[in-house]
Amino acid sequence: MGVPADGPRAILVDKPAGPTSHDVVSTVRRALGRTKAGHTGTLDPFATGLLVVLTGRATRLAPFLTGLDKTYRATVRLGERSESGDPEGPITPGGPVPDEAAVRAALATMTGVIEQQVPALSAVRVDGERLYARTRRGEEVERPRREVVVHRADLISYDHVNGLVEIEIRCGSGTYVRQIAVDLGESLGCGGYCSALRRTEVGDLSVKSALAPEDVQPGSGISLLAAVGHIPRVDLDEAGLAEVVHGRRVQAPGAVAMGTVALAAGDELVAIGLADDDGVVRPKVVLVS
């Protein structure tokens, strides 16, 4: 079938520090001359790295990408505290920084299923209003707590003189890395905040394949099949394709008990479907017509 240059796309963008994720999506939208585009997971303005931008009908794939595990490189500045947990501040002095052994021991307690308090300057809604708005008004608000999963938190380097800790974190969706930085500093008794943050992976997608926002142009992007490479693939024959494009169920014996599947014709993603125990697939999101 083939995807035209203005067809649905999954574009891996290397977000710079400064603009919001929404700003980056707007840049991509202007470059492509289209109005429909969205990302699959926000990065804070100070953060850099992988932003997966979906365009056209591909925006329907967002629910299948937002929950993927992510990998980050973070720099934690120990010995200071930040109300925001990042360089936005305000920043106040902390205490003396510990040795490397103490840092390693503290990091080891921050893996697995952990309970994390939502940062004060986050977009989470409390009583119908964004938490950051209430915080900036000086309101005392009880910040929600939630369970998150941190698969690993590896120490990459530690500059004891300047109190700078570089770590690599692989975590589940919804994890606030800047809160991990804050919690690390508090557990060490010296305070700390996330001074730099870079997202390097979303699922199996890597920032190594990403474009700078200004380099995006019509035809940019990876195949939609690659974007959902974590979902089991089922190939359709011509008869199956004809059914799926009209949203009708199709018999696919190879999909027995697979659950969510990516329905493909050649090198093109046709739909995302749900397979039952009898090998019948019901299309949930159809991308071609």
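The chain comprises 6 helices and 18 strands, where helices (H or I, at least four residues) and strands (E, at least two) are DSSP runs numbered from the N terminus. The structure is a predicted model, in which local features need pLDDT of at least 70 and side-chain atom pairs count only at pLDDT 80 or more, while totals for chains, interfaces and linings use all residues. Residues are numbered from 1 along each chain as its sequence is written, and side-chain values use heavy atoms, with hydrogens and water left out.

Taken along the principal axes, the box filled by the C-alpha atoms of the chain is roughly 70 × 40 × 40 Å. Of the 289 residues in the chain, 48% are buried, a term that stands for under 20% relative accessible area, with exposed meaning over 50% and partly exposed in between (1.4 Å probe, protein chains only). The chain exposes about 13,500 Å², of which carbon and sulfur atoms supply 49%; accessible areas come from the Shrake-Rupley method with a 1.4 Å probe, and for residues only the protein chains shown count as cover. When contacts (heavy atoms within 4.5 Å) are taken between residues at least 6 apart in sequence, 67% of them join residues at least 24 apart.

The largest nonpolar core contains 29 residues, and those that touch the most other members are L78, V165, I167, I169 and L197. Such a core is a set of buried Ala, Val, Leu, Ile, Met, Phe, Trp, Tyr and Cys residues joined through side-chain atoms within 4.5 Å. Two or more residues are given to this core by each of β4 (70-78), α2 (100-108), β10 (145-159), β11 (164-171), α4 (177-187) and β12 (192-202), and the largest share, 5 residues, comes from β10. Leaving aside neighbours within four places in sequence, L197 is in contact with F46, A47, T48, Y72, R73, A74 and V177. Another core, of 26 residues, lies apart from this one and has L12, L205, V207 and V228 among its members.

Helix α4 is itself largely enclosed by the rest of the structure, because 8 of its 11 residues are buried. These buried residues are V177, R178, Q179, I180, A181, V182, L184 and G185, and what covers them includes β4, α2, β7 (112-117), β10, β11 and β12. After α4 comes G189, whose phi is positive, near 80°. A196, by comparison, has its place in strand β12 and is partly exposed, with a relative accessible area of 31%. Although A196 and R178 are 18 residues apart in sequence, their C-alpha atoms are 9.1 Å apart in space. Not counting residues up to four places away in sequence, A196 touches F46, R73, A74 and T75.

Strand β3 (residues 48-55) is likewise described as largely enclosed by the rest of the structure, because 8 of its 8 residues are buried. Strands of a sheet pair through backbone hydrogen bonds, either parallel or antiparallel, and two strands are said to pair if DSSP finds at least two bridges between them. Strand β1 (residues 9-15) pairs with β3 in the antiparallel sense over 7 bridges, with L12 standing opposite V52 in β3. Strand β2 (residues 37-39) also runs antiparallel to β3, to which 3 bridges join it, and G38 has L54 in β3 as its bridge partner. The pairing of β3 with β12 is parallel and rests on 2 bridges; here the bridge partner of T48 is R198 in β12.

An open sheet of 5 strands has the order β14-β16-β17-β18-β15, with mixed pairing. Its edge strands, each of which pairs on one side only, are β14 (233-235) and β15 (250-251). Within this sheet, strand β16 (residues 259-265) and strand β17 (residues 268-275) pair in the antiparallel sense over 7 bridges, and A264 has L269 in β17 as its bridge partner.

The backbone also contains a cis peptide bond, which joins G89 and P90 with an omega of about 5°. P90 lies in the loop between β5 (80-82) and β6 (91-93).
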